[in-house]
Amino acid sequence: MNIEQILADKTKEALNALYNGEVATISFEKTNPLFIGDFTLVVFNFLKLSKKKPEETANDLGNYLKTNVAEIVDFNVVKGFLNLVVSDSYWLTYLKSIQNKPFISSELPADAPVVMVEYSSPNTNKPLHLGHVRNNLLGYSVAEILKAAGNKVVKTNIVNDRGIHICKSMLAWQKWGNGETPESSGMKGDHLVGKYYVSFDKNYKSQISDCKLKGMSDEDAEKNAPLMLEIKEMLLKWEQGDSDVRALWKMMNDWVYKGFEVSYKMMGVDFDKTYYESNTYLLGKNIIDDGLASGVLKRREDNSVYIDLTADGLDEKTLLRSDGTSLYMTQDLGTARQRYEENKFEILIFTVGNEQDYHFKVLILILNKLGYDWAKGLHHLSYGMVELPDGKMKSREGTVVDADDLMEEMIKTAAATTKELGKVEHLSVEEAEKLYKTIGMGALKYFILKVDPKKKMLFNPAESIDFNGNTAPFIMFNYVRVRAMLRKATDAGVYDEKNLISEDITILPKEKELIIKLYSFNSTLKEAANGFSPALIANYVYDLAKEFSQYYHDTPVLKEENKAIMNFRLHFSKTIGDAINSSMKLLGIEVPERM
RNA sequence: GAUCCCAUAGCUCAGCUGGAUAGAGCAACGGUUUUCUAAACCGUAGGCCUUUGGUUCGAAUCCAAAUGGGAUCACCA
């Protein structure tokens, strides 16, 4: 049983014994560093029971806990705050109990709930950009966190591989591509396709202005520009299964997938199941039938189907066109049900940007209204846009930060910095390349994940991502210090791996602080899992690394003359290193052994 | 017009379910290396937590309104 639980139980007991009263839940907080103690109990809530002043109440409880809880060696009272001091031996025993045990259990309980995390969901008409990077990193990290918290996680990706936007790239390539391929051009497939998407848009825009010069309204110009008419025809042919159009579609999508594969690999993300919208876009009509039968959905005179959400403060939402064809919402209803039927998930998380908050609110509400029990487990993991200093990214205007470019840039910067610091002398070329990638990608991932997902974030490409301060390289650096010490100690034969910690060690204040930090790993993981928030893990691991850095600076380890103390500090440092490594893994960040 | 999200140091961000004197990093200024990796450590300076009301023993945190910023509100995806 952990110390907080013991304290909570004993406090309840105390309230009963002293004041004959009861309180439902009692929670302790970490003592503010300005005061002496490890845990603090705020007693204001108990004054009604004690009918005494805050100080007296705190003293009563403090005395009770000190005499009745072996782990409590001292306490002090400041106003209504009872600060409790936990014995060093408790913390030592705790540290011993986690020695050489993984922070994250690799085994799942047999009855682990299934959680699906859907993320990435790219379009196949253009390459990935910075917004997708945030999406991928978030989704992957949340999946890792949920897995570590004891869930059976299924990572899924739904590829938006059909529709009018894909036809744009296809038509442009057909018209102006001269048979260009990734091989002939040397371009990555997704970039090549994206190039034609941009050129379509450029030509389309100039046609619109031509039409407007001829006196058309904005709306008519957009609808009647020759390219738009051709696109519509192409989409129709695609839907009818025209073999030429389908062949072109397949060829170009395959180029894109090959490109995405490279980007995903570089990002270090992967998927257990990939769905394609071309296979699922017709789903959902059976749900409509059920909904009509139960009266939740209604049919208009023109035969279109809708749901009235005005009572919930939302609008009327159309779910089926008057011609009977389905809409974005229709297919999302269908795919959600398909997911449930295939996976029987407890929770399904959609990692999608906050511009779709409304869509997901409606989607989840409709499924609940339709009476699906599993709809309670749906959750939209919404994240803010990544903004550039001069406004938001627009792919059509070319003001995007391309994901591949960004990653390459990060790795280059990592290489330059590493060389500048003279850290590559003992590394082979392959090792050095690997290190640059680890550092560069780690810095990028940490930079993005440390920000609360729901907030929009600013990315300034001119100021490349920092490597000092609250960054992944700083955290890695502290891990590397631990590993270097352990290597040296092992080589010198002074590291006793079996005899962990002897009892008579006096722990330093900083050591105690760090042990308490290690102790909070599990509660942090739980919070991160409940809140789907990698940022909590990022903050945790930074605090841990920062405190360790201070400790490392002030406290000799290998230079310590007392062998027992040296061995303790080695084990202690190793455990910190393990915690750093595990935390970083939850963020999808690898740590190097040297840097 | 309606709905949703955001507002904390010059800049980028923490601050969990309300708790004691609001924290980091960057930038600025000063210091630390014969000592386990200085991508480090220490110090100085920098705040009406957007504003106004309310709830409370206690509010950056909860509620309401205002202001500013962003997003969304198609028989598009």
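What follows is a friendly dialogue on reading features of this predicted model.

Me: Before we start, what should I know about the numbering and the model?
Reply: Residues are numbered from 1 along each chain as its sequence is written, and chains are lettered from A and ligands numbered from 1 in the order in which they are written. As this is a predicted model, local features need pLDDT of at least 70 and side-chain atom pairs count only at pLDDT 80 or more, while totals for chains, interfaces and linings use all residues; side-chain values use heavy atoms, with hydrogens and water left out.

Me: Let's begin with rings. How many aromatic pairs does the structure hold?
Reply: A pair of aromatic rings is described by the distance of the centres and the angle of the planes. Here rings of Phe, Tyr and Trp (its six-membered ring) pair if their centres lie within 6.5 Å; planes under 30 degrees apart count as stacked, over 60 as edge-to-face and the rest as tilted. The structure holds 28 aromatic pairs. In one of them, the planes of Tyr90 and Trp91 stand at 75 degrees with the ring centres 5.1 Å apart, so this pair is edge-to-face.

Me: Are Tyr90 and Trp91 buried or exposed?
Reply: Buried means under 20% relative accessible area, exposed over 50%, and partly exposed in between (1.4 Å probe, protein chains only). Tyr90 is buried at 13%, and Trp91 is buried at 0%. For a stacked example, look at Tyr372 and Trp374, with 5.1 Å centre to centre and 25 degrees between the planes. Tyr372 is buried at 15%, and Trp374 is buried at 10%.

Me: Which residues form one aromatic cluster with Tyr90 and Trp91?
Reply: That cluster also holds Phe39, Tyr94 and Tyr519.

Me: Which charged residue lies over the face of Tyr281?
Reply: The test is that NZ of Lys or CZ of Arg is within 6 Å of the ring centre and within 35 degrees of the ring normal. Arg162 lies over the face of Tyr281, 4.0 Å from the ring centre. Arg339 lies over the face of Tyr275, at 4.4 Å from the ring centre.

Me: Now the strands. Which strands pair with β6?
Reply: Strands of a sheet pair through backbone hydrogen bonds, either parallel or antiparallel. Helices (H or I, at least four residues) and strands (E, at least two) are DSSP runs, numbered from the N terminus, and two strands pair if DSSP finds at least two bridges between them. Strand β5 (residues 114-118) runs parallel to β6 and is joined to it by 5 bridges; there, Val114 stands opposite Lys152. Strand β7 (residues 273-276) also pairs with β6 in the parallel sense, over 4 bridges, with Lys273 opposite Thr156. In β6 (residues 152-159), 7 of the 8 residues are buried, so the strand is largely enclosed by the rest of the structure.

Me: And what does an antiparallel case look like?
Reply: Strand β2 (residues 39-42) is joined to β4 by 4 bridges and runs antiparallel to it; Val42 stands opposite Phe81. Strand β3 (residues 72-78) pairs with β4 in the antiparallel sense over 6 bridges, and Val77 has Leu82 as its bridge partner. The hairpin of β3 and β4 has 2 residues between the strands, and Lys79 takes a positive phi near 50 degrees.

Me: Last topic: which residues have the most contacts inside the largest nonpolar core?
Reply: In soluble globular proteins, nonpolar side chains tend to be buried together. A nonpolar core is a set of buried Ala, Val, Leu, Ile, Met, Phe, Trp, Tyr and Cys residues joined through side-chain atoms within 4.5 Å. The largest has 149 residues, and Trp91 and Met584 have the most contacts inside it. Leaving aside neighbours within four places in sequence, Met584 is in contact (heavy atoms within 4.5 Å) with residues including Ala472, Ile475 and Val541. A second, separate core of 30 residues includes Ile288, Ile307, Met329 and Ile366.
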